[in-house]
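Notes below, in the order I checked things.

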Amino acid sequence: MDSSSTSSPVPPVTIVGAGIAGAACAVALRAAGVGVRVIDRGRAVGGRMASPVLHGRRVDIGAGYFTVRDPGFETVVGGWEAAGLAHRWTNTFGILAAGEAPTSKSGPDRWSTPGGLRSLVRTMLEGVQVDGDTDVDRAGLAQLAGTVVLAMPDPQAGRLAPVPSPVDYDSVITVVCGFADRGWPFADAAFVKEHPDVEFVADDGARRGDDAAVLVAHSTAGLAARCLDDPQRAVAPVVAGLRDLLGVGAPDWTHAHRWTFAKPTGGHDATRGFSETDGREIWFAGDQWCPEGSPRVESAWRSGTDVAAAILDRR
Ligand SMILES: Cc1cc2nc3c(=O)[nH]c(=O)nc-3n(C[C@H](O)[C@H](O)[C@H](O)COP(=O)(O)OP(=O)(O)OC[C@H]3O[C@@H](n4cnc5c(N)ncnc54)[C@H](O)[C@@H]3O)c2cc1C
């Protein structure tokens with residue numbers, strides 16, 4: 001994890017969570033001259049925007065793309081596009097159902113990245129003090145300097161402090177499949193209708209732009225719940241599902257990743273939360289603080305940005 005010092009020796013705001021919500025909060029506070037420290041239990045930043053190297057190339061195993069409806073986010077994305085960090089990927093996804101011919105549906109532009117979605121969060125946090133591999137617990141929270149922001153799913157924040165009206169999350173198991181050759185009956189990505197095990201499949205080579213023969217499948221919440229204690233058990237049903245839906249053979253390699261808190265099942269009616277316990281200000285951010293539309297990358301960015309604005313307002 002990148003780490004460098006801020007100008008302030010005792011940072012007045014500590015952000016727990018180096019996903020895009022925490023990063024957006026850090027960017028806005030830093031721009032206002034506030035010293036910030038970001039802590040994450042992961043070795044790498046990005047949270048659910050995760051792009052580990054698998055079989056020699058980065059694969060987006062969490063969020064697969066992002067949309068740009070928020071005007072503030074649009075400005076940020078314009079900067080990423082100009083810097084070559086993000087590109088418009090597609091506005092058309094396939095629709096797959098077992099036993100039916102594939103169709104497709106157009107929607108908003110979906111954006112992707114040549115370097116993996118995590119590269120965006122890494123860029124946002126350049127120059128910010130980031131302490132990785134640091135799992136904060138309740139005792140650790142009490143030791144943190146100044147105002148604290150918990151930028152993470154409610155079930156994770158709830159382990160550290162009471163969250164106002166917490167929302168639950170569904171789980172997803174991502175199964176990455178590497179093939180010898182490309183060849184499937186959809187372009188870019190496809191939603192899967194009414195399948196017990198597979199909900200979404202993306203062509204990782206298409207979205208990253210290197211044409212690698214790699215598919216990334218997201219399980220249904222039902223399969224994830226059944227395999228949460230052992231994500232490897234999701235591989236066989238997902239591979240069988242891809243065979244039935246796409247007519248592909250057995251992959252050369254697979255990789256399973258568990259997202260225990262993948263998608264909020266509901267949303268808060270505000271873009272941020274706040275509580276004050278024993279004189280300590282705690283702010284809450286993340287994709288679940290999404291009063292309109294679906295929780296996603298851009299709602300997490302909005303939430304972190306709005307928490308920063310609220311902190312600045314109170315000073
Ligand atoms: C499989 C999957 C597919 C998705 N697809 C899409 C998509 O296509 N488009 C889209 O827009 N969105 C998608 N999303 C949702 C998107 O990834 C999220 O909305 C967004 O990344 C949330 O960012 P966040 O900062 O709120 O939370 P997170 O990214 O979850 O960040 C929270 C961070 O807090 C850290 N943390 C938690 N507890 C502690 C602790 N106690 N101590 C220290 N650190 C802690 C975690 O390690 C994590 O890094 C997808 C998500 C998943 C899982």
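Here is what I looked up, beginning with the ground rules.

**Ground rules.** I'm working from a predicted model, where local features need pLDDT of at least 70, side-chain atom pairs count only at pLDDT 80 or more, and totals for chains, interfaces and linings use all residues. I number residues from 1 along each chain as its sequence is written.

**Sheet.** I traced an open, mixed sheet of six strands in the order β7-β2-β1-β8-β15-β14. Strands are DSSP runs of E with at least two residues, helices runs of H or I with at least four, all numbered from the N terminus; two strands pair if DSSP finds at least two bridges between them. At the edges I found β7 (129–131) and β14 (273–277), each pairing on one side only.

**Inside the sheet.** I looked at β1 (residues 13–16) next: β1 runs parallel to β8 (residues 147–151), with four bridges. Val16 sits opposite Leu150 of β8.

**Ligand shell.** I counted 37 residues around the ligand, the closest being Gly17, Gly19, Gly47, Asp287 and Arg296; near here means a C-beta atom, placed from the backbone, within 6 Å. α1 (20–31), β9 (169–178), β13 (253–264) and α9 each give two or more residues to this shell. α1 gives the most, with three.

**Shell make-up.** I noted 20 nonpolar, 11 polar and six charged residues in the shell. Ala, Val, Leu, Ile, Met, Phe, Trp, Tyr, Cys and Pro count as nonpolar, Asp, Glu, Lys and Arg as charged, and the others, Gly among them, as polar.
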